[in-house]
Amino acid sequence: MTTPAHSPAVGKGFRASIERWTRENLNRFDVLEITVDHCLAGSRSLRSAIFDLVGRIPLTAHGVGLSLGTDAPLDLAYLERVADVVERLRAPAYSEHLAFTRVPGRETAALMPLPKTEAVAESIIAKVRTVQSRVPFPFLLENITYVFEWPDSKMSDAAFLNLICRETGAGLLLDVENVYLNATNHGFDPHAFIDALHPGLVREVHMAGGVTIRDESLSKPLLADSHSHPVPDAALDLLEYTLARQAPSVIILERDDRLEAGGEILDDIARIRARVAAARSGKAYGEALVGTAG
(Lines give C-alpha, C1' and ligand atoms only; values in the text may rest on other atoms or scores of the structure.)
Protein backbone atom coordinates (compact mmCIF):
# COMPACT_ATOMS: atom_id res chain seq x y z
CA MET A 1 0.00 0.00 0.00
CA THR A 2 1.32 3.43 -0.94
CA THR A 3 0.16 6.90 0.05
CA PRO A 4 -0.30 9.33 -2.86
CA ALA A 5 2.30 12.10 -2.96
CA HIS A 6 -0.12 14.68 -4.30
CA SER A 7 -3.60 15.91 -3.50
CA PRO A 8 -6.24 15.44 -6.17
CA ALA A 9 -8.32 18.42 -7.22
CA VAL A 10 -11.78 18.22 -5.61
CA GLY A 11 -14.85 19.69 -7.27
CA LYS A 12 -18.30 18.95 -8.61
CA GLY A 13 -20.21 18.42 -11.79
CA PHE A 14 -21.52 21.61 -13.40
CA ARG A 15 -25.34 21.77 -13.43
CA ALA A 16 -27.21 24.50 -15.29
CA SER A 17 -29.98 24.90 -12.70
CA ILE A 18 -27.49 26.06 -10.05
CA GLU A 19 -25.15 27.96 -12.34
CA ARG A 20 -25.45 31.19 -10.35
CA TRP A 21 -24.87 29.42 -7.05
CA THR A 22 -21.86 27.64 -8.53
CA ARG A 23 -20.32 30.92 -9.70
CA GLU A 24 -20.93 32.49 -6.29
CA ASN A 25 -19.10 29.58 -4.67
CA LEU A 26 -16.48 29.01 -7.35
CA ASN A 27 -13.64 29.47 -4.87
CA ARG A 28 -14.93 26.43 -2.94
CA PHE A 29 -13.98 24.08 -5.79
CA ASP A 30 -10.68 23.13 -7.39
CA VAL A 31 -12.27 21.87 -10.62
CA LEU A 32 -15.63 21.50 -12.37
CA GLU A 33 -16.69 18.59 -14.54
CA ILE A 34 -18.49 19.59 -17.74
CA THR A 35 -20.84 17.22 -19.55
CA VAL A 36 -19.78 17.56 -23.18
CA ASP A 37 -23.29 16.70 -24.40
CA HIS A 38 -24.59 19.87 -22.71
CA CYS A 39 -22.20 21.81 -24.92
CA LEU A 40 -23.39 19.95 -28.00
CA ALA A 41 -27.15 20.00 -27.44
CA GLY A 42 -27.72 22.69 -24.81
CA SER A 43 -29.16 26.12 -25.39
CA ARG A 44 -27.03 29.02 -26.60
CA SER A 45 -27.12 30.53 -23.10
CA LEU A 46 -26.02 27.27 -21.48
CA ARG A 47 -23.14 26.82 -23.88
CA SER A 48 -22.10 30.42 -23.29
CA ALA A 49 -22.20 29.94 -19.52
CA ILE A 50 -20.05 26.81 -19.75
CA PHE A 51 -17.40 28.20 -22.07
CA ASP A 52 -17.25 31.39 -19.99
CA LEU A 53 -15.74 29.23 -17.22
CA VAL A 54 -12.68 28.41 -19.34
CA GLY A 55 -9.67 30.03 -17.72
CA ARG A 56 -11.55 30.79 -14.50
CA ILE A 57 -11.31 27.29 -13.05
CA PRO A 58 -9.85 23.99 -14.31
CA LEU A 59 -12.41 21.90 -16.21
CA THR A 60 -12.60 18.22 -17.06
CA ALA A 61 -14.87 16.65 -19.69
CA HIS A 62 -17.39 13.85 -19.24
CA GLY A 63 -19.76 12.33 -21.80
CA VAL A 64 -23.12 10.57 -21.63
CA GLY A 65 -24.02 10.17 -25.30
CA LEU A 66 -21.44 7.79 -26.78
CA SER A 67 -23.13 4.47 -25.88
CA LEU A 68 -19.86 2.63 -26.24
CA GLY A 69 -21.44 -0.79 -25.75
CA THR A 70 -24.10 -0.55 -28.46
CA ASP A 71 -23.68 -3.30 -31.05
CA ALA A 72 -23.24 -0.82 -33.89
CA PRO A 73 -20.45 1.39 -35.26
CA LEU A 74 -19.62 4.53 -33.31
CA ASP A 75 -20.94 7.86 -34.53
CA LEU A 76 -17.75 9.40 -35.91
CA ALA A 77 -19.38 12.79 -36.53
CA TYR A 78 -20.37 12.88 -32.86
CA LEU A 79 -16.78 12.11 -31.84
CA GLU A 80 -15.47 14.95 -34.01
CA ARG A 81 -17.82 17.35 -32.21
CA VAL A 82 -16.76 15.97 -28.84
CA ALA A 83 -13.10 16.55 -29.74
CA ASP A 84 -13.87 20.20 -30.53
CA VAL A 85 -15.63 20.68 -27.19
CA VAL A 86 -12.86 19.04 -25.15
CA GLU A 87 -10.31 21.27 -26.86
CA ARG A 88 -12.37 24.40 -26.17
CA LEU A 89 -12.72 23.41 -22.51
CA ARG A 90 -8.94 22.88 -22.25
CA ALA A 91 -9.81 19.67 -20.46
CA PRO A 92 -6.99 17.25 -19.66
CA ALA A 93 -9.14 14.16 -20.36
CA TYR A 94 -12.46 12.93 -21.75
CA SER A 95 -14.44 10.21 -19.97
CA GLU A 96 -17.42 8.05 -20.85
CA HIS A 97 -19.37 5.16 -19.32
CA LEU A 98 -18.50 1.55 -20.01
CA ALA A 99 -22.13 0.80 -20.87
CA PHE A 100 -24.76 1.19 -23.55
CA THR A 101 -27.68 3.60 -23.54
CA ARG A 102 -29.32 2.46 -26.76
CA VAL A 103 -29.77 -0.47 -29.07
CA PRO A 104 -30.15 0.06 -32.81
CA GLY A 105 -33.33 2.08 -33.27
CA ARG A 106 -34.20 2.50 -29.59
CA GLU A 107 -32.98 4.47 -26.56
CA THR A 108 -32.89 2.63 -23.24
CA ALA A 109 -33.01 5.86 -21.17
CA ALA A 110 -30.58 4.21 -18.74
CA LEU A 111 -26.99 3.04 -18.47
CA MET A 112 -27.06 -0.69 -19.19
CA PRO A 113 -24.25 -3.10 -18.25
CA LEU A 114 -22.28 -5.18 -20.70
CA PRO A 115 -21.79 -8.94 -20.61
CA LYS A 116 -18.31 -9.36 -19.16
CA THR A 117 -16.80 -11.73 -21.69
CA GLU A 118 -13.60 -11.70 -23.73
CA ALA A 119 -15.59 -11.29 -26.96
CA VAL A 120 -17.36 -8.19 -25.65
CA ALA A 121 -14.05 -6.87 -24.31
CA GLU A 122 -12.50 -7.25 -27.76
CA SER A 123 -15.38 -5.26 -29.28
CA ILE A 124 -14.99 -2.49 -26.69
CA ILE A 125 -11.21 -2.42 -27.17
CA ALA A 126 -11.68 -1.76 -30.89
CA LYS A 127 -14.16 1.02 -30.18
CA VAL A 128 -11.96 2.63 -27.54
CA ARG A 129 -9.15 2.74 -30.10
CA THR A 130 -11.53 4.48 -32.50
CA VAL A 131 -12.38 7.05 -29.84
CA GLN A 132 -8.69 7.61 -29.14
CA SER A 133 -8.00 8.15 -32.85
CA ARG A 134 -10.76 10.79 -33.10
CA VAL A 135 -10.48 12.56 -29.74
CA PRO A 136 -6.79 13.37 -29.18
CA PHE A 137 -6.99 13.57 -25.38
CA PRO A 138 -6.56 10.88 -22.72
CA PHE A 139 -9.70 8.71 -22.68
CA LEU A 140 -11.17 7.36 -19.43
CA LEU A 141 -13.82 4.69 -18.90
CA GLU A 142 -16.29 4.88 -16.01
CA ASN A 143 -17.66 1.85 -14.19
CA ILE A 144 -21.46 1.93 -13.81
CA THR A 145 -23.93 0.61 -11.27
CA TYR A 146 -26.17 -2.20 -12.44
CA VAL A 147 -29.30 -3.98 -11.24
CA PHE A 148 -28.64 -7.26 -13.03
CA GLU A 149 -25.78 -9.38 -14.37
CA TRP A 150 -25.86 -10.95 -17.83
CA PRO A 151 -25.93 -14.76 -17.41
CA ASP A 152 -23.06 -15.23 -19.87
CA SER A 153 -20.67 -12.94 -17.99
CA LYS A 154 -17.43 -14.81 -17.28
CA MET A 155 -15.20 -12.11 -15.79
CA SER A 156 -15.23 -10.00 -12.65
CA ASP A 157 -15.83 -6.26 -12.89
CA ALA A 158 -12.17 -5.52 -12.13
CA ALA A 159 -10.81 -8.11 -14.59
CA PHE A 160 -13.04 -6.72 -17.36
CA LEU A 161 -11.86 -3.16 -16.73
CA ASN A 162 -8.22 -4.19 -16.39
CA LEU A 163 -8.28 -6.06 -19.70
CA ILE A 164 -9.82 -3.21 -21.70
CA CYS A 165 -7.60 -0.54 -20.17
CA ARG A 166 -4.43 -2.63 -20.50
CA GLU A 167 -5.01 -3.26 -24.20
CA THR A 168 -5.92 0.34 -25.05
CA GLY A 169 -4.00 2.47 -22.56
CA ALA A 170 -7.28 4.05 -21.43
CA GLY A 171 -7.55 5.15 -17.83
CA LEU A 172 -10.34 4.60 -15.33
CA LEU A 173 -12.80 7.14 -14.01
CA LEU A 174 -13.62 5.17 -10.88
CA ASP A 175 -17.11 5.80 -9.55
CA VAL A 176 -16.53 4.82 -5.93
CA GLU A 177 -20.20 5.02 -5.02
CA ASN A 178 -21.03 2.64 -7.87
CA VAL A 179 -18.52 0.14 -6.47
CA TYR A 180 -20.11 0.48 -3.03
CA LEU A 181 -23.64 0.07 -4.42
CA ASN A 182 -22.76 -2.92 -6.60
CA ALA A 183 -20.90 -4.61 -3.77
CA THR A 184 -23.87 -4.15 -1.45
CA ASN A 185 -26.51 -5.13 -3.99
CA HIS A 186 -24.65 -8.10 -5.45
CA GLY A 187 -22.68 -9.33 -2.47
CA PHE A 188 -19.01 -8.90 -3.35
CA ASP A 189 -16.13 -7.34 -1.43
CA PRO A 190 -15.53 -3.73 -2.60
CA HIS A 191 -12.04 -3.72 -1.11
CA ALA A 192 -11.10 -6.77 -3.16
CA PHE A 193 -12.36 -4.92 -6.25
CA ILE A 194 -10.12 -1.94 -5.47
CA ASP A 195 -7.15 -4.21 -4.72
CA ALA A 196 -7.60 -5.96 -8.08
CA LEU A 197 -7.29 -2.78 -10.16
CA HIS A 198 -3.94 -2.37 -11.86
CA PRO A 199 -1.66 0.22 -10.21
CA GLY A 200 -1.98 3.67 -11.75
CA LEU A 201 -5.26 2.81 -13.49
CA VAL A 202 -7.49 5.30 -11.65
CA ARG A 203 -7.11 8.79 -13.12
CA GLU A 204 -10.32 10.41 -11.86
CA VAL A 205 -13.00 9.58 -9.28
CA HIS A 206 -16.75 10.16 -8.97
CA MET A 207 -18.53 10.38 -5.62
CA ALA A 208 -22.27 10.66 -5.00
CA GLY A 209 -25.09 9.78 -2.65
CA GLY A 210 -28.16 7.75 -3.51
CA VAL A 211 -31.28 6.29 -1.95
CA THR A 212 -32.46 2.95 -0.61
CA ILE A 213 -35.43 1.41 -2.42
CA ARG A 214 -37.69 -0.85 -0.37
CA ASP A 215 -40.42 -2.75 -2.18
CA GLU A 216 -42.34 -5.96 -1.58
CA SER A 217 -41.19 -7.22 -4.98
CA LEU A 218 -37.54 -7.04 -3.89
CA SER A 219 -35.92 -9.78 -1.85
CA LYS A 220 -33.91 -7.12 0.00
CA PRO A 221 -33.55 -3.32 -0.08
CA LEU A 222 -31.83 -2.01 -3.20
CA LEU A 223 -29.32 0.85 -3.15
CA ALA A 224 -29.90 3.18 -6.12
CA ASP A 225 -27.51 5.70 -7.66
CA SER A 226 -29.80 8.75 -7.61
CA HIS A 227 -27.16 11.49 -7.08
CA SER A 228 -29.63 13.15 -4.73
CA HIS A 229 -28.33 12.89 -1.17
CA PRO A 230 -25.11 13.27 0.84
CA VAL A 231 -22.34 10.77 0.18
CA PRO A 232 -22.70 7.84 2.62
CA ASP A 233 -19.92 7.29 5.11
CA ALA A 234 -19.31 3.79 3.71
CA ALA A 235 -18.56 5.28 0.27
CA LEU A 236 -16.18 7.79 1.87
CA ASP A 237 -14.45 4.93 3.67
CA LEU A 238 -14.02 3.20 0.31
CA LEU A 239 -12.68 6.43 -1.22
CA GLU A 240 -10.05 6.65 1.49
CA TYR A 241 -9.13 3.01 0.92
CA THR A 242 -8.81 3.73 -2.81
CA LEU A 243 -6.64 6.81 -2.27
CA ALA A 244 -4.14 4.71 -0.34
CA ARG A 245 -3.70 2.56 -3.47
CA GLN A 246 -4.34 4.81 -6.46
CA ALA A 247 -3.44 8.42 -7.29
CA PRO A 248 -6.30 10.10 -9.17
CA SER A 249 -5.80 13.70 -10.24
CA VAL A 250 -9.46 14.68 -9.84
CA ILE A 251 -12.37 13.81 -7.53
CA ILE A 252 -15.81 14.98 -8.67
CA LEU A 253 -18.96 15.11 -6.56
CA GLU A 254 -22.01 14.29 -8.67
CA ARG A 255 -25.33 15.85 -7.69
CA ASP A 256 -28.38 15.82 -9.96
CA ASP A 257 -31.36 16.17 -7.63
CA ARG A 258 -32.20 18.29 -4.59
CA LEU A 259 -29.75 20.80 -6.00
CA GLU A 260 -31.21 23.53 -3.81
CA ALA A 261 -29.42 21.88 -0.85
CA GLY A 262 -26.23 23.85 -1.40
CA GLY A 263 -25.12 23.32 2.17
CA GLU A 264 -25.12 19.57 1.64
CA ILE A 265 -23.03 19.93 -1.50
CA LEU A 266 -20.41 22.07 0.23
CA ASP A 267 -20.40 19.74 3.22
CA ASP A 268 -19.76 16.77 0.94
CA ILE A 269 -16.85 18.62 -0.66
CA ALA A 270 -15.41 19.20 2.82
CA ARG A 271 -15.93 15.55 3.80
CA ILE A 272 -14.17 14.38 0.62
CA ARG A 273 -11.24 16.72 1.30
CA ALA A 274 -11.01 15.37 4.86
CA ARG A 275 -10.67 11.84 3.50
CA VAL A 276 -8.02 13.00 1.02
CA ALA A 277 -6.07 14.51 3.91
CA ALA A 278 -6.47 11.34 5.96
CA ALA A 279 -5.20 9.18 3.10
CA ARG A 280 -2.19 11.45 2.61
CA SER A 281 -1.36 11.29 6.32
CA GLY A 282 -1.47 7.50 6.19
CA LYS A 283 -3.89 7.36 9.12
CA ALA A 284 -7.35 5.89 9.22
CA TYR A 285 -9.98 8.61 9.23
CA GLY A 286 -11.39 7.50 12.56
CA GLU A 287 -7.92 7.57 14.09
CA ALA A 288 -7.35 11.10 12.76
CA LEU A 289 -10.60 12.31 14.29
CA VAL A 290 -9.82 10.75 17.65
CA GLY A 291 -6.41 12.34 17.62
CA THR A 292 -7.89 15.75 16.83
CA ALA A 293 -10.51 15.45 19.54
CA GLY A 294 -7.86 14.38 22.04
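Me: Taking contact to mean heavy atoms within 4.5 Å, which residues does Leu174 touch, once those up to four places away in sequence are not counted?

Reply: In this predicted model, Leu174 touches Asn143, Val179, Phe193, Ile194, Leu197, Val202, Glu204, Val205, His206 and Thr242, with residues up to four places away in sequence left out. Each of these is listed because it has heavy atoms within 4.5 Å of Leu174.

Me: What makes the set that holds Leu174 a nonpolar core?

Reply: A nonpolar core is made of buried residues of the nonpolar kinds Ala, Val, Leu, Ile, Met, Phe, Trp, Tyr and Cys, joined through side-chain atoms within 4.5 Å. The largest such set has 75 residues, and Leu174 is among those with the most contacts inside it, together with Leu89, Tyr94 and Met207. Helix α4 (residues 76–89) supplies the largest share of this core, 7 residues. As background, nonpolar side chains in soluble globular proteins tend to be buried together.

Me: Why is Ser7 called partly exposed?

Reply: The relative accessible area of Ser7 is 41%, whereas buried requires under 20% and exposed requires over 50%; Ser7 is therefore partly exposed. Ser7 is found in the segment before β1 (9–13), and, not counting residues up to four places away in sequence, it touches Val276 and Arg280.

Me: What makes the pairing of the Ser7 side chain with the side chain of Arg280 a polar contact?

Reply: The two side chains are 2.8 Å apart at this contact, and the cut-off for a pair of N or O atoms is 3.5 Å, with one atom able to donate a hydrogen and the other to accept it; the pair therefore counts as a polar contact.

Me: What makes up the lining of the largest cavity, by class?

Reply: The lining of the largest cavity has 10 nonpolar, 2 polar and 2 charged residues, and α6 gives the most to it, with 3 residues. For the largest pocket, the lining divides into 12 nonpolar, 10 polar and 7 charged residues.

Note on methods:
Residues numbered from 1 in each chain as written. Predicted model: local features only at pLDDT ≥ 70, side-chain atom pairs only at ≥ 80, totals over all residues. Heavy atoms only, no water. Helix = DSSP H or I, 4+ residues; strand = E, 2+ residues; numbered from the N terminus. Nonpolar A, V, L, I, M, F, W, Y, C, P; charged D, E, K, R; others polar. Buried < 20%, exposed > 50% of the residue type's maximum accessible area, 1.4 Å probe, protein only.
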